[in-house]
Amino acid sequence: MSSATWRNVFTYNKYTQIAARALRASLKEEERVAAEKRGVTILRYQRWENGHGGPMTYLYPPEDAAPKKPAV
Amino acid sequence: MLARRTLGRIASQPQVLGAAPSQARNMATLREIELRLKSVRNIEKITKSMKMIASTKLAKAQRAMQAGKEYGLANAELFKHASPEETGKRKLFIVVSSDKGLCGGIHSSVSKATRREFAEKGKVEEDSPIMVIGDKSKAQLSRALPKNIVMSFNQIGRDIPTFADAAGVADLILTSDVKYDSIAIVYNKFVSAISYEPAIIEVEPEKLLKEAPGFRAYEMEDDVTRDLSEFTLANAIYAALVEAHACEQSARRNAMDNASKNASDMINRLTMQYNRGRQAAITNELVDIITGASAL
């Protein structure tokens with residue numbers, strides 16, 4: 001593999017997160033449960049224009065089965 | 001003398017309109033003191049339990065902080081060898097705090113540190129962008145420097161921050177089209193279990209790293225340099241997040257500890273007042289009875 005084309009699509013951090021997710025999913029049951037906790041993120045962000053915030057969006061939207069988070 | 005006493009007895013019946021006789025006031029306030037005592041006792045229970053919870057969380061947070069600091073040290077090593085000659089004035093400030101309150105001065109200390117950086121003339125450009133992690137600091141900074149905020153994050157800090165959080169934040173920064181010369185992360189540094197202080201980590205973006213004189217010694221390709229700059233940003237953010245989380249837990253524990261102490265002081269004082277009031281009322285009644293008996 002001379003040149004990897006993933007660099008055009010996403011950053012190195014996303015690359016490591018994907019690889020980490022694959023690794024965690026491949027562990028044995030007990031270790032997997034402990035490792036899954038280290039990969040959890042419920043980050044939300046909003047862009048600001050001129051002193052006013054935009055809408056809050058989830059970085060990784062939770063599935064509908066999960067309980068809804070209250071709006072900020 | 002008798003007249004004064006009987007006057008006192010009439011006054012002790014609370015139906016008198018308009019008058020505020022001292023005996024009636026004492027009887028009424030006895031109930032008030034009882035109510036206050038009950039509510040302060042409840043508050044003391046709550047703050048004590050919050051303190052316990054914060055202490056257990058602090059132990060866990062400190063362990064995570066020790067582990068997370070290693071990431072930050074690796075960064076520092078790189079930047080020590082490849083420090084830039086001069087940094088531009090347009091700094092991106094990443095302010096790290098959290099969403100929850102009742103933790104002492106955590107949020108205001110980072111907000112004040114950021115405002116101090118802006119207040120120094122010529123140190124940073126006037127419209128340097130700011131990104132805030134945590135709702136409490138967001139509220140404070142949106143009042144102080146509203147035009148500078150470009151993005152805000154929340155839902156970090158509920159539990160120990162993970163590298164996934166830091167990577168998410170770093171990616172959002174890198175993919176947004178915000179212009180900056182260098183990055184400064186403002187966070188609370190853990191000095192000890194009872195004190196913290198605001199501190200700043202400087203991170204160099206890719207351009208600055210390439211131009212740094214010592215960097216050529218590493219002999220890296222451009223692609224790898226870009227990866228490295230992205231990763232160092234996530235590293236630095238992660239180190240700041242875990243340390244700020246540990247500071248927050250220790251500050252909450254101290255704040256709840258002080259609140260519990262104050263509450264127990266208040267309980268002692270109110271109990272004294274209540275007992276004195278109760279005994280005064282009993283004494284007055286006895287005096288009335290004895291006076292009445294002696295009059296017959």
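Start by colouring by chain: chain B and chain A bury about 2,500 Å² between them, 54% of it on carbon and sulfur atoms (buried area is the accessible area, 1.4 Å probe, that two parts lose on being put together, summed over both). This is a predicted model, in which local features need pLDDT of at least 70 and side-chain atom pairs count only at pLDDT 80 or more, while totals for chains, interfaces and linings use all residues. Residues are numbered from 1 along each chain as its sequence is written, chains are lettered from A and ligands numbered from 1 in the order in which they are written, and side-chain values use heavy atoms, leaving out hydrogens and water.

Stay at the interface. Here 33 residues of chain B are in contact with 25 residues of chain A (heavy atoms within 4.5 Å). The rule finds two salt bridges across it (a side-chain nitrogen of Lys or Arg within 4 Å of a carboxyl oxygen of Asp or Glu). For one of them, select Asp223(B) and Arg7(A), whose side chains meet at 3.6 Å, N to O.

Next, select Lys37(A), Arg38(A), Pro161(B), Thr162(B) and Phe163(B). These lie nearest the centre of the largest pocket, which is lined by 32 residues and has a volume of about 860 Å³. On a 1 Å grid over the protein atoms alone, a pocket is an open set of points with protein on both sides within 12 Å along at least five of seven lines, a cavity is a set where a 1.4 Å probe fits but cannot get out, and lining residues have an atom within 4 Å of a point. Which helix gives the most to the pocket lining? H2(B), with six residues; helices (H or I, at least four residues) and strands (E, at least two) are DSSP runs, numbered from the N terminus.

Last stop: two non-glycine residues with positive phi. Leu102(B), at about 60 degrees, sits in the loop between strand S1 (91-96) and helix H3 (106-119) of chain B. Gln155(B), at about 65 degrees, is in the loop between strand S3 (149-154) and H5 of chain B. Buried or exposed? Leu102(B) is exposed, at 54% relative accessible area, whereas Gln155(B) is buried, at 6% (buried is under 20%, exposed over 50%, partly exposed in between; 1.4 Å probe, protein chains only).

Methods
Points joined across faces, edges and corners; volume = space filled by probe spheres on them.
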